[in-house]
Amino acid sequence: MTEADVIEQMVEYQNILLMGVSVFFTVISAYVVAIWAFLRKAGFWLRLFSFFFLSFVLAFLARIAYGSALIHNGFIDTLEDINRSAGLSPTGLATLENAASGLDAVIQHSLFFGVGIVYVALFFLTFFARATLRDA
């Protein structure tokens, strides 16, 4: 694989990553609407099933994100190999600098932390919303 091929694939990776983030926001938004519209008035078993299904979808998205992170690390390793053997263009060097500075890891950890907070909040709203939300 040439440097141009790797950079092209990394740009496409960012597009796929943004699509995954948009799917995440869509799922969370739909679930919040479901809580407000009917889950807070629903019985325990329906709320449990809904939260289980949400958990399944989020676990599926997390697995895809993990696989994407492995592929991203492979792209970085490929760029490092190319840099050692033939040298990189400024774009390739900037990509390696971004990875070496830890910015990618900071973004990943921030996203996982944010997802954890949202998950706990949705758990609370799913099972305890009756006591905390008033009918609109």
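Lys and Arg count as positive here and Asp and Glu as negative, while His and the chain ends are not counted. Each charge is placed at NZ of Lys, CZ of Arg, CG of Asp or CD of Glu. On that basis, the mean positions of the 7 positive and 10 negative charges of the protein are 32 Å apart.

This is a predicted model, in which local features need pLDDT of at least 70, side-chain atom pairs count only at pLDDT 80 or more, and totals for chains, interfaces and linings use all residues. Residues are numbered from 1 along each chain as its sequence is written, and side-chain values use heavy atoms, with hydrogens and water left out.

**Overall build**

- The protein has 4 helices and 0 strands; helices (H or I, at least four residues) and strands (E, at least two) are DSSP runs, numbered from the N terminus.
- The radius of gyration is 20 Å, well over the 14 Å that the globule rule gives for 136 residues, so the protein is more spread out than a compact globule.
- That radius is taken over C-alpha atoms, and the globule rule is 2.2 Å times the number of residues to the power 0.38.
- Along the principal axes, the C-alpha atoms fill a box of roughly 65 × 20 × 20 Å.

**Surface and contacts**

- The accessible surface comes to about 9,100 Å², and 71% of it belongs to carbon and sulfur atoms; areas come from the Shrake-Rupley method with a 1.4 Å probe.
- Buried residues make up 27% of the 136 residues, where buried means under 20% relative accessible area (1.4 Å probe, protein chains only).
- Of the contacts with a separation of 6 or more, 75% are between residues 24 or more positions apart; contact means heavy atoms within 4.5 Å.

**Helix α1**

- Helix α1 covers residues 3-37, and its 35 residues should span 51 Å at 1.5 Å a residue; its end C-alpha atoms are 51 Å apart, which agrees.
- The expected span is 1.5 Å times one less than the number of residues.
- Among the buried residues of α1 are V6, M10, Y13, F24, Y31 and I35.

- Helix α2 covers residues 44-85, and its 42 residues should span 62 Å; its end C-alpha atoms are 61 Å apart, which agrees.
- Just after α2, G87 takes a positive phi of about 85°.
- S50 lies in helix α2 and counts as buried at 15% relative accessibility.
- Leaving aside neighbours within four places in sequence, S50 is in contact with Y31 and L39.
- S50 and T126 are 76 residues apart in sequence and 8.5 Å apart in space, C-alpha to C-alpha.

Terms used
Buried means under 20% relative accessible area, exposed over 50%, partly exposed in between (1.4 Å probe, protein chains only).
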